[in-house]
Amino acid sequence: MANDRMLRAALLIFGVIFCLIYPLAMVWPSGWAWHEGSPAANDYFLMIVAVYAVLGIFLVRAATNPAGNASLIWFTVWSSVAHAAVMALAALRTPMSHGHLLGDVPALLLVAAVLGLLMSRVSAADRSALA
């Protein structure tokens with residue numbers, strides 16, 4: 001029961017944060033934006049913002065029924081790991097992008113770790129309740 005509440009809270013928090021990628025890039029561009037200038041100056045960045053805003057909305061909605069949205073939550077976990085890995089390699093390759101190693105890379109790994117751990121605990125609790 002406590003794991004389910006924690007999962008619901010994490011989904012709400014991360015969902016709202018995903019909807020705030022654009023403002024984060026305005027406040028801390030070296031950690032969140034992959035281009036120079038204003039966040040709106042790059043079409044690719046705006047596409048990423050749109051995708052994460054939609055994912056954020058669906059994570060907030062998933063908080064009402066995590067079990068019914070397990071596939072979405074696991075997609076968020078594994079796509080966050082993949083995205084962080086690609087970004088980390090890009091940041092290491094480009095000295096001017098090292099700020100991402102302290103910004104969006106660890107943020108995505110945190111999302112993956114928290115949601116993955118909470119989903120595993122909720123799933124384990126569900127399995128033990130059936131035994």
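Reader: How many aromatic pairs does a search of the whole structure find?

Author: The search finds one aromatic pair. Please keep in mind that this is a predicted model, in which local features need pLDDT of at least 70 and side-chain atom pairs count only at pLDDT 80 or more, while totals for chains, interfaces and linings use all residues. Residues are numbered from 1 along each chain as its sequence is written, and side-chain values use heavy atoms, with hydrogens and water left out.

Reader: What makes Phe18 and Tyr52 a pair, and why is the pair called edge-to-face?

Author: Rings of Phe, Tyr and Trp (its six-membered ring) pair if their centres lie within 6.5 Å, and planes under 30 degrees apart count as stacked, over 60 as edge-to-face and the rest as tilted. The centres of the Phe18 and Tyr52 rings are 5.0 Å apart and their planes stand at 80 degrees, so this pair is edge-to-face.

Reader: Why is the pair said to tie together parts that are apart in sequence?

Author: Helices (H or I, at least four residues) and strands (E, at least two) are DSSP runs, numbered from the N terminus. Phe18 belongs to helix α1 (residues 2–18) and Tyr52 to helix α4 (residues 43–62), so the pair ties together parts that are 34 residues apart in sequence.

Reader: Are Phe18 and Tyr52 buried or exposed?

Author: Buried means under 20% relative accessible area, exposed over 50%, and partly exposed in between (1.4 Å probe, protein chains only). Phe18 has 5% and is therefore buried, and Tyr52, at 10%, counts as buried too.

Reader: Why is Leu7 called buried, and which residues does Leu7 touch?

Author: Leu7, which lies in helix α1, has 0% relative accessibility and so counts as buried. With contact meaning heavy atoms within 4.5 Å, Leu7 touches Pro66, Leu115, Leu118, Met119 and Val122, not counting residues up to four places away in sequence.

Reader: Why is Val27 called exposed?

Author: Val27, whose place is in helix α2, has a relative accessible area of 73%, and therefore the word exposed applies.

Reader: How do you know that the span of α5 agrees with what it should be?

Author: The expected span of a helix is 1.5 Å times one less than its number of residues. The 24 residues of α5 should therefore span 34 Å, and the end C-alpha atoms of α5 are 35 Å apart, which agrees.
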